[in-house]
There are 2 protein chains.
Amino acid sequence: MEEEKRTVRAVERALDVLMCFASGHEWGLTEIAGRVGLHKSTVHRLLATLEDKGFVTRITSTDKYRLGLSVLELSANLSRSDDPSVVLLPEMERLRDQLSETVSLYIRDRVERVRIQAVQSMQAIRRVATVGARLPLSVGASSKVLLAFAEAGVRGNVMSDTAWPVHLDREAFGKQLDDIVATGYATSYEEREPGAAAVSAPIFNRSGKLVAALSVSGPSNRLTPDRMHEFAPAIIEAAHRMGTILE
Amino acid sequence: MEEEKRTVRAVERALDVLMCFASGHEWGLTEIAGRVGLHKSTVHRLLATLEDKGFVTRITSTDKYRLGLSVLELSANLSRSDDPSVVLLPEMERLRDQLSETVSLYIRDRVERVRIQAVQSMQAIRRVATVGARLPLSVGASSKVLLAFAEAGVRGNVMSDTAWPVHLDREAFGKQLDDIVATGYATSYEEREPGAAAVSAPIFNRSGKLVAALSVSGPSNRLTPDRMHEFAPAIIEAAHRMGTILE
DNA sequence: TAACAGAGTTTCATGCAGTGAAACGTATCT
DNA sequence: AGATACGTTTCACTGCATGAAACTCTGTTA
């Protein structure tokens, strides 16, 4: 159970400090110290280091910190030409134009999912999806897809993780996932956030491995359950086409 | 001269390791160790920490490292609504449509410049500009703008920095900057990279402070010196309009 | 105007945690 | 088999990260 960790404490702490900036824009020193549960002077030193390397900057007027330019520099090199989020973008735009709703691409990361790409609907009322967002794997159409079609063992591992919501009925949820495997797609109606709905289908690469979930989402009054089932074939087809490009 | 550093060594090293990924896609452990000049086992521990926090991931097939999803997560929160790179984007697109060439936005960071925003030309032959790129402040039209119009003292500080190329004739360069202040814009013809040319104008916020350089760049056979001078008024006007939005 | 509260900053003794040489495992060559 | 190159693990040493406390500098209260 002890799981030896071969990591560097100071670095771990610094990265924790940095990750504060993933939610919310700017923070003061004491705020951050409270958030990560470290002493003021420790955080002060860590921030000085992060600042020196350009990972955070200070607002001159108020003394608060915000993300620095090094992060921008790194993010520029995030997407490579063999990256799904780049390769699949044209197909995602096609699907967006076809259905006129926001299209997102999700991958699973341990017990969460991450939106690695998104193209927005052009309609006045639209689902706005930010790339990079990290979301729970327990709710939402694409969550269910990422779990339902995952390799053997993943489903069990994830659901027995400490982060998994206890209140969820495993029996029923498992049944739901089996249904999704049978039909080939998942839907969610005001599941994660009120007023929003989504349809999602799995993308398998040429070796048949699940790599991502393709999801179409929009306001729940436009994406009614009926409408979502109408959309499903187009999404499944697009996801299939995308899969042939990968690997 | 001694400049006490109140930073954490382990964190500095870890960030150095991370910044390897700003240039080039993926690296092996030994490669990185050589690059940052640290012992293999040290880098191994640092990478393990970075991996644990999701800042790097390993390619399963080859054992190389690449940037992880945490960087994506951070970069999602980089741009705020009051950020020049967001606010000025529509104006940049207008200018791109007007001139049909790639438009970039640069800010100065110490003795370098960073491209914080870019919109690409739609032409078949075009300048491709990646956001986040860090470039020298000694060459290029926008470099000269950022230096020429900088606050008092900046010019001297930068040119006496250790990173400043010694071979450059200070006298002549200073003269060139003065000319740029007089005319209000700068040009560069195959200065930084062969085959490329650019025109750049300063953006001042409402308090009259230089905040960025607006630059139009393209292939040098299309952006001839004559053509660039024709472009200048439109660029200056756009830069002025942008300035009124800021601060 | 002094006293206070709340930020960020600096100092410094303490001991633990980061370090790197060396040994190890494991592939892919010749 | 030997050789090379890579990632991994161990371990003794001591340098460096740590956090309590003192300090500064605001703006706010009495």
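Predicted model: local features only at pLDDT ≥ 70, side-chain atom pairs only at ≥ 80, totals over all residues.
1. A phosphate oxygen of DNA strand C lies 3.3 Å from an N or O atom in the side chain of His39(B), a polar contact in the sense of a pair of N or O atoms within 3.5 Å. Thr42(B) places a polar side-chain atom 2.7 Å from a phosphate oxygen of DNA strand C.

2. Residues are numbered from 1 along each chain as its sequence is written, chains are lettered from A and ligands numbered from 1 in the order in which they are written, and side-chain values use heavy atoms, without hydrogens and water.

3. Around DNA strand C there are 20 residues, of which Arg9(A), Leu29(A), Thr30(A), Ser41(B) and Thr42(B) come nearest; a residue is near if one of its heavy atoms lies within 4 Å. Of the DNA strand C atoms within 4 Å of the protein, 67% belong to sugar or phosphate and the rest to bases.

4. In chain B, an open sheet of 6 strands runs in the order E5-E4-E3-E8-E7-E6 with antiparallel pairing; strands are DSSP runs of E, at least two residues long, and two of them pair if DSSP finds at least two bridges between them. Strands E5 (134-136) and E6 (186-189) of chain B each have a single partner strand, so one side of each is left without a neighbour in the sheet.

Terms used
Helix = DSSP H or I, 4+ residues; strand = E, 2+ residues; numbered from the N terminus. Polar contact = N/O pair within 3.5 Å; in protein donor to acceptor, adjacent residues only side chain to side chain.
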